[in-house]
Amino acid sequence: MTTLPVSLGLQGGGAYGAFTWGVLDRLLDDERLVFDAIGGTSAGAINAMVVADGMAHGGGRAGAKAALHRFWTALGMASRWSPLQRTPVDYLLGRWTLETSPGYHLMQFMSAAMAAMQLTKVAIDPMRDLLASLIDFERVRTCEAVRLFVHATNVRSGRGTMFAQQALTVQHLMAAICVPQAFAAVEIDGEAYWDGSYAANPALAPLVPSDSGEARDIIIVQINPVARQELPASLADINNRANEIAFNTSMLREVTAVTALGRVIDEIDGKRVAPADVRLHLISGAAHIGATSLSSKYNAAPTFLTHLHGLGVAAGEQWLTESGSQVGVRATLALDQIFHQEKAGDRSV
């Protein structure tokens, strides 16, 4: 059987990362595809590290699938103790929104009323402990089955910083997922970092092959909608939508440069624009995710994560059916797919 090497660029987007879990599950089932490299930001960085953890030391596809299932199941179980819960009315109406959740509004009030540093011990330490318990960072650092690219945004310089795979710790992952509206900046070696999505979401330049043995096909998994039907009304929704737009800017710029000009912009090293002899592909959850409320990205309930996983599996299946045969042949991502995505339907979830 002919194998097809591919690299993956995984977007961030909070709980929407469970959609990416579903996509990865379906791609891992296709034995034609071989993962060469994975680049991820925020939730995408978590998924990338979990895959590397599972694949390391002979774990292979089965190890990656088991690690993903273990992580997202444990996250869903941990969310049962979170104050961010849907109300009984939302349950009855089948809505995934947290807009009527007292815990959600309390979180937004506290983040506006208190310094982020005061919130850090309350909000970030449990997340650090959870990640440390679910991901074996020694396996991630020593994984030779797939190349890994994870980055954060340097708060002082405003530039992206790529972390070396051989040095990755839970602190680096915390830096890669640090949303400043909720958490204080994460300090590493005297530098302060925020979520990597501000600099690149995901960074494509590290995935561009530097020699003939590396994959030329890059699959982007998009979970940040470019378009939403409804205008944000609350301050919380305005902040969330502003982040969503900001998190898409670098991807739109990079994809345009590659598709229209055959060049890649290095979002980590802004001085470098290099030739990009690659074939881009897109698996997007934007149409489904754009129909959910902005607050739902904080909903880590097991039922919602399972719902998103199912959507991801279906999206991966559809892409394999429609475009899988073109891997190694031609790009299947067209700019219209991103710039003119279908508007989200009536928001009911």
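In the predicted model, S7 stands opposite I218, a residue of strand β7. This pair belongs to the contact between β1 and β7 (residues 217–222), which is parallel and comprises 5 bridges.

Helix α1 in turn packs against helix α2 (residues 43–55). The angle between the helices is about 35°, and their axes lie 9 Å apart. The crossing of α1 with α2 is right-handed. On the side of α1, the contact involves G17, T20, W21, L24 and L28; on the side of α2, A43, N47, V51 and M55 take part. By class, the residues of this contact comprise 6 nonpolar and 3 polar, with no charged residue.

At the level of the whole chain, 12 helices and 10 strands are assigned. Of the 349 residues, 55% count as buried. Among contacts with a separation of 6 or more, 75% are between residues 24 or more positions apart. A separate pair of positions, R80 and A300, illustrates distance along the sequence: these residues are 220 residues apart in sequence, whereas their C-alpha atoms are 8.6 Å apart in space. R80 is located in the loop between α3 (60–78) and α4 (88–93). R80 counts as exposed because its relative accessibility is 52%, the cut-off being over 50%.

An antiparallel pairing is found between β3 (residues 147–154) and β4 (residues 160–163), which are joined by 4 bridges. T153 is placed opposite G160 of β4. The hairpin formed by β3 and β4 has 5 residues between the strands, and G158 adopts a positive phi near 80° in this hairpin.

Several further backbone features were examined. Most residues other than glycine have a negative phi, and most peptide bonds are trans. S42, which is not a glycine, has a positive phi of about 55°. This residue, S42, lies in the loop between β2 and α2. S42 counts as buried because its relative accessibility is 8%. D189 likewise is not a glycine and has a positive phi, of about 50°. D189 is situated in the loop between β5 (186–188) and β6. With a relative accessibility of 79%, D189 therefore counts as exposed.

A cis peptide bond is present between N201 and P202, with omega at about -5°. P202 belongs to the loop between β6 (191–194) and β7, and β7 is the strand that pairs with β1 in the parallel sense.

Technical notes: Residues are numbered from 1 along each chain as its sequence is written. This is a predicted model: local features need pLDDT of at least 70, side-chain atom pairs count only at pLDDT 80 or more; totals for chains, interfaces and linings use all residues. Side-chain values use heavy atoms; hydrogens and water are left out. Two strands pair if DSSP finds at least two bridges between them. Helices (H or I, at least four residues) and strands (E, at least two) are DSSP runs, numbered from the N terminus. Axes are lines fitted to C-alpha atoms, for helices over the stretch in contact, and angles run from 0 to 180 degrees between N-to-C directions. A crossing is left-handed if the near helix is turned anticlockwise from the far one by less than a right angle, and right-handed if clockwise. Contact means heavy atoms within 4.5 Å. Ala, Val, Leu, Ile, Met, Phe, Trp, Tyr, Cys and Pro count as nonpolar, Asp, Glu, Lys and Arg as charged, and the others, Gly among them, as polar. Buried means under 20% relative accessible area, exposed over 50%, partly exposed in between (1.4 Å probe, protein chains only).
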